[in-house]
Each structure stands twice: as C-alpha cells, then as structure tokens.
Amino acid sequence: MTEQIPTIDTGRFVLRCLTEDDVTDRYISWLNDPEVTRYLQARNSKHNHDSTLAYVKNHNNIDKFLFGIFDKSKDMHIGNFSLSVSLVHKTGIQGVMIGDKEYWGQGVILEARAGLLDICFGELGLFKVNGLPLASNLPAVFNYKRQAWVVEGIQSKQYLCDGKRVDGIHFSMFRDFWLEKKHA
Ligand SMILES: CC(C)(COP(=O)(O)OP(=O)(O)OC[C@H]1O[C@@H](n2cnc3c(N)ncnc32)[C@H](O)[C@@H]1OP(=O)(O)O)[C@@H](O)C(=O)NCCC(=O)NCCS
C-alpha cells in the first residue's frame with residue numbers, strides 16, 4: 001500500500017512512510033531519550049531493535065501510518081509523524097516527535113505538518129484531523145495554535161506527567177479551513 005502514498009517534499013524536508021530499513025540505532029536512541037519522550041506514551045517502555053521494528057511494522061499504510069521526516073539536504077531521518085485514520089468517519093489523529101534535538105527550535109513542525117495535512121486532506125481524503133498534546137507541552141501547544149488549529153476541548157487532569165496531573169488538549173484542523181488557508 002505504501003506506493004499509494006507519495007513522498008512529500010516540503011522544501012527543507014521530505015516525508016515518506018517508514019520501512020523496516022529505517023529502524024536504526026539513531027531512531028531507537030530517540031525513543032530511549034527521556035527529554036524526547038517526556039510528553040509521549042513511549043516514555044513508559046524501554047525500546048530496542050525488535051520493539052521498534054514491531055512498532056514500524058504495525059503501520060499498515062491503510063489506516064495506520066508512520067511518516068518519517070527527513071532533512072532533504074542530508075537525506076537524514078530527524079523525526080516522525082504517526083497518523084491513525086478512521087476510514088468510516090474520514091478523520092485522523094496525528095502525533096509528532098522530532099527525535100534529533102538539533103532540529104528543535106527550527107520551525108520543522110510548522111513546515112513538515114503542512115505537508116502532512118496536504119496528504120491527509122489530499123490523497124487520504126480526510127475531513128478532519130486531531131492533535132492531542134498534553135497542556136504542559138508548551139512547544140507542541142504553541143505550534144498547534146500558530147498553525148491555526150482549533151481547540152475543541154480539554155480533558156481535565158487526564159495525564160500524569162512529571163509527577164503531576166495535567167490536562168489534555170484536543171486540537172482540530174478541518175479540510176475546508178486548511179484548503180482555504182492554503183489558498184488565501
Ligand atoms: C514538541 C516539538 C515537536 C516542538 O518542536 P519545535 O517546534 O522545534 O519547538 P520549539 O522549541 O521551536 O518551540 C515551538 C514554539 O514554542 C515556543 N515555546 C517553547 N517553549 C516554550 C515555553 N516554555 N513557553 C512558551 N513558549 C514556548 C517557542 O518559542 C517556539 O516559538 P517560536 O518558533 O516563535 O520561537 C519537539 O519539541 C518534539 O518533537 N518533542 C518531543 C516529542 C513531543 O513532545 N511531541 C509532541 C507530542 S504532542
């Protein structure tokens with residue numbers, strides 16, 4: 001199925017579906033870095049080659065996708081978007097991890113997620129996409145707001161993070177809004 005999802009070139013970055021060959025020590029090291037996984041589910045497990053390979057293979061490119069973000073100038077893997085799709089409702093939930101911390105603070109998300117949304121609302125024909133950051137993940141929340149995602153709701157004290165209960169925020173992006181914004 002991967003061949004149905006094209007590689008997306010966003011300018012500085014390329015997005016493509018990850019394959020087994022992308023499971024490198026570099027990628028696995030991000031999953032075991034507490035700073036990278038501070039706000040992610042991945043922080044609750046130890047990761048190795050087998051577990052990461054199983055995770056990558058669990059994405060069928062039908063309703064579960066794992067897009068690698070690659071620095072085009074170096075052909076280097078720097079992070080991922082995960083995307084779970086409801087084929088019935090034409091909605092998706094996406095998450096992001098920039099694993100290579102050298103790339104934090106460089107506007108990677110705003111550029112790369114625009115490419116992801118183009119795939120969601122183009123090839124995948126989705127109506128709406130959600131993002132579900134922890135409220136305490138200030139850079140992540142900032143990026144959603146900056147990209148004009150709408151806050152649809154707050155899950156009060158939904159998560160335990162850094163020993164405290166924190167809210168979850170439901171952000172949404174609608175196809176019509178995205179296309180209008182893009183062509184404005
Ligand atoms: C979350 C993540 C994608 C953000 O990466 P990034 O966009 O490069 O992060 P930045 O440090 O540039 O922060 C983004 C914005 O938030 C702002 N910000 C960062 N920390 C902040 C803080 N403590 N208070 C207020 N604003 C803050 C920054 O000023 C920045 O805005 P700017 O571009 O105008 O300077 C990245 O940190 C990451 O992948 N982390 C690990 C995985 C993760 O947490 N994923 C998100 C799951 S929802």
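Q: What covers the buried residues of H4?
A: The cover includes H3, strand S6 (128-131) and strand S8 (164-174). Contact here is a C-beta to C-beta distance within 7 Å, with the C-beta atoms placed from the backbone. A residue is called buried if 20 or more other C-beta atoms lie within 10 Å of its own, exposed if 12 or fewer, and partly exposed in between. Helices (H or I, at least four residues) and strands (E, at least two) are DSSP runs, numbered from the N terminus.

Q: Before going on, what are the ground rules for the model and its numbering?
A: This is a predicted model, in which local features need pLDDT of at least 70 and side-chain atom pairs count only at pLDDT 80 or more, while totals for chains, interfaces and linings use all residues. Residues are numbered from 1 along each chain as its sequence is written.

Q: OK, back to the helix: which residues of H4 are buried?
A: They are Ala-140, Asn-143 and Tyr-144. These residues cover an arc of only 100° around the axis, which puts them on the same side of H4; the arc is taken from the directions that run from the helix axis to the C-beta atoms.

Q: And which exposed residues are on the face turned away from that side?
A: That face of H4 carries the exposed residues Leu-138, Pro-139, Phe-142 and Arg-146. Just after the helix, Ala-148 takes a positive phi of about 70°.

Q: Now the ligand: how many residues surround it, and which are the closest?
A: The ligand is surrounded by 20 residues, of which Ile-98, Pro-133, Leu-138, Pro-139 and Phe-142 are the closest. The elements that give two or more residues to this shell are strand S5 (91-98), helix H3 (108-121) and helix H4 (138-146), and H4 provides the largest share, with 5 residues. A residue joins the shell if its C-beta atom, placed from the backbone, lies within 6 Å of the molecule.

Q: What's the shell like by class?
A: It has 14 nonpolar, 6 polar and no charged residues. In this scheme Ala, Val, Leu, Ile, Met, Phe, Trp, Tyr, Cys and Pro count as nonpolar, Asp, Glu, Lys and Arg as charged, and the others, Gly among them, as polar.

Q: Zooming out, how many helices and strands are there?
A: The protein chain has 5 helices and 8 strands, and along the sequence they follow the pattern β-β-α-α-β-β-β-α-β-α-β-β-α. Its radius of gyration is 16 Å, close to the 16 Å that the globule rule gives for 184 residues, so the chain is as compact as a globular protein of that length. That radius is taken over C-alpha atoms, and the rule is 2.2 Å times the number of residues to the power 0.38. Buried residues make up 28% of the 184 residues, and residues 24 or more positions apart account for 57% of the contacts with a separation of 6 or more.

Q: Which residues have the most contacts inside the largest nonpolar core?
A: In this core of 33 residues they are Phe-67, Ile-69, Ala-112, Leu-116, Leu-117 and Cys-120. H3 gives the largest share, 8 residues. A nonpolar core means a set of buried Ala, Val, Leu, Ile, Met, Phe, Trp, Tyr and Cys residues joined through C-beta atoms within 7 Å.

Q: What is Ile-69 in contact with?
A: Leaving aside neighbours within four places in sequence, Ile-69 is in contact with Phe-13, Leu-15, Ile-78, Gly-79, Asn-80, Phe-81, Val-108 and Ala-112.

Q: Where is Leu-83, then?
A: Leu-83 is in strand S4 and counts as buried, with 23 C-beta neighbours inside 10 Å. Beyond four places in sequence, Leu-83 touches Phe-65, Phe-67, Gly-92 and Gln-94.

Q: And Tyr-103, where does that sit?
A: Tyr-103 is in the loop between S5 and H3 and counts as partly exposed, with 19 C-beta neighbours inside 10 Å. Not counting residues up to four places away, Tyr-103 touches Ile-78, Ile-98 and Val-108.

Q: Last one: what are the phi values of Lys-157 and Asp-162?
A: Lys-157 has a positive phi of about 50° although it is not a glycine, and this residue of strand S7 (residues 150-161) is exposed, with 12 other C-beta atoms within 10 Å. Asp-162, also not a glycine, has a positive phi near 55°; Asp-162 lies in the loop between S7 and S8 and is exposed, with 9 other C-beta atoms within 10 Å.

Terms used:
Contact = placed C-beta atoms within 7 Å.
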